[in-house]
Amino acid sequence: MSEKRSQFPLPLSSVTGGSTRKPAAPAPVATPQTATQNARENNQHRAGAAPGVPGTAKPASVQPQQTVVRSDLAATEAPRRAMAARTARQGVKDAQVLAALEIVPRHMFVEPGMLAQAYVDISLPIGHNQTISQPYIVARMIELLKGSGPLRRVLEIGTGCGYQAAVLSFVAQEVYSIERIKPLHELAKANLRPLRIANLRLQYGDGMLGLPQVAPFDGIILAAAGLEVPRALLEQLAIGARLVAPVGAQVQHLQRITRTGKAEWTSETLEACHFVPLRPGIA
């Protein structure tokens, strides 16, 4: 990859701490793992888990005592480079997406007890039965969304902890992200605040309804799987724009939908995946 370093709308150096403490080096994994599988495997190790009750945990929270470790960007430069290089070997080719993956500090979006796994290619639980997606699937979906052209206005359904929204903000001119779970909406705001990303707007609400007041969008990306893509989201695509989403129940596949006319869309079914379910309403 190029040695030239790109930056967010405002420099990430503004969040660099003075600590010399480094997160533990992540252990390598042989293959990517899916979101719900990792949530199940890691729940019992989460900080705040109830003693003796695997899988039960307190809601994700921002812990001030971890601020210096989370913001130590210099300490994680090598793991971030390695993560981007690994993602390229897995098949992601778009240079802009890989550059965004390299610069966004994923350790700032994971729970304090999981900092050592921040740059491993796995998903991790973030509370409320939700996860931060593995780096590969984040990059792959954004690459599919981007195609060969620029992205001006993008809508993300399912902000979660805010990581994918941060990566998207580096690729698109404007990013809008909706989260239906209030504590996660607040968590994402807290995670993203130090980065001062000027082109990202977070919204608390029902993602299945989209944001018609801001539409049309050049791209829409879903971080949860439904049996079908909500019609409201299809209607909010600009003509020629793309939507990328996991679709299915027990068996899921990535689907890319392109709007080709006022009432016309084409669909491509791509590789298998596994996401948490898409749900209506707010919580």
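A residue counts as buried when its relative accessible area is under 20%, as exposed when that area is over 50%, and as partly exposed in between. The exercises below apply this and related criteria to a predicted model.

**Exercise 1. Classify Arg196, His128, Val229 and Cys161 as buried, partly exposed or exposed.**

Solution. 

Step 1. Arg196 lies in the loop that separates α7 (182-192) from β5. Its relative accessibility is 53%, and the threshold for exposure is over 50%, so Arg196 counts as exposed.

Step 2. His128 is found in the loop between β1 (124-127) and β2 (130-132). With a relative accessible area of 30%, His128 is partly exposed.

Step 3. Val229 belongs to the loop between β6 (217-222) and α8 (231-235). A relative accessibility of 11% places Val229 among the buried residues.

Step 4. Cys161 sits in the loop between β3 (151-157) and α6. At 3% relative accessibility, Cys161 is buried.

Step 5. For the protein as a whole, buried residues make up 52% of the 283 residues. The exposed surface comes to about 12700 Å², of which carbon and sulfur atoms supply 54%.

**Exercise 2. Describe how α4 packs against α3, α6 and α5.**

Solution. 

Step 1. The protein has eight helices and nine strands. Two packed helices are described by the angle between their axes and the distance between the axes.

Step 2. Helix α3 (residues 77-89) and helix α4 (residues 95-103) have axes that come within 7 Å and cross at roughly 150 degrees. Angles over 145 degrees count as roughly antiparallel, and α3 and α4 are therefore roughly antiparallel to each other. Their crossing is right-handed. On the α3 side the contact involves Arg80, Arg81, Met83, Ala84, Thr87 and Ala88; on the α4 side, Leu98, Leu101, Glu102 and Ile103. By class, this contact has six nonpolar, one polar and three charged residues.

Step 3. Between α4 and helix α6 (residues 163-171) the angle is about 130 degrees, and the axes are 9 Å apart. This angle makes α4 oblique to α6. The crossing of α4 and α6 is also right-handed. Helix α4 contributes Gln96, Val97, Ala99, Ala100, Leu101 and Ile103, while α6 contributes Tyr163, Val167, Phe170 and Val171.

Step 4. Helix α5 (residues 135-146) packs on α4 at an angle of about 145 degrees, with the axes 9 Å apart. The crossing of α4 and α5 is right-handed. In this contact Gln96, Val97 and Leu101 of α4 meet Pro135, Ala139, Ile142, Glu143 and Lys146 of α5. Its composition is five nonpolar, one polar and two charged residues.

Step 5. Leu101 can now be traced through the lists: it takes part in the contact of α4 with α3, with α6 and with α5.

**Exercise 3. Where does the backbone show a cis peptide bond, and which residues other than glycine have a positive phi?**

Solution. 

Step 1. Most residues other than glycine have a negative phi, and most peptide bonds are trans.

Step 2. Ala215 and Pro216 are joined by a cis peptide bond, with omega about 10 degrees. Pro216 is located in the loop between β5 (200-204) and β6.

Step 3. His128 has a positive phi, near 60 degrees. This residue is in the loop between β1 and β2.

Step 4. Arg196 likewise has a positive phi, near 50 degrees. Its place is the loop between α7 and β5.

Definitions and conventions
Residues numbered from 1 in each chain as written. Predicted model: local features only at pLDDT ≥ 70, side-chain atom pairs only at ≥ 80, totals over all residues. Heavy atoms only, no water. Axes fitted to C-alpha atoms, helices over the stretch in contact; angles between N-to-C directions. Helix = DSSP H or I, 4+ residues; strand = E, 2+ residues; numbered from the N terminus. Parallel < 35°, antiparallel > 145°, perpendicular 65-115°, else oblique. Left-handed = near helix turned anticlockwise from the far one by under 90°. Contact = heavy atoms within 4.5 Å. Nonpolar A, V, L, I, M, F, W, Y, C, P; charged D, E, K, R; others polar. Buried < 20%, exposed > 50% of the residue type's maximum accessible area, 1.4 Å probe, protein only. Areas by Shrake-Rupley, 256 points an atom, 1.4 Å probe, with all protein chains shown as cover.
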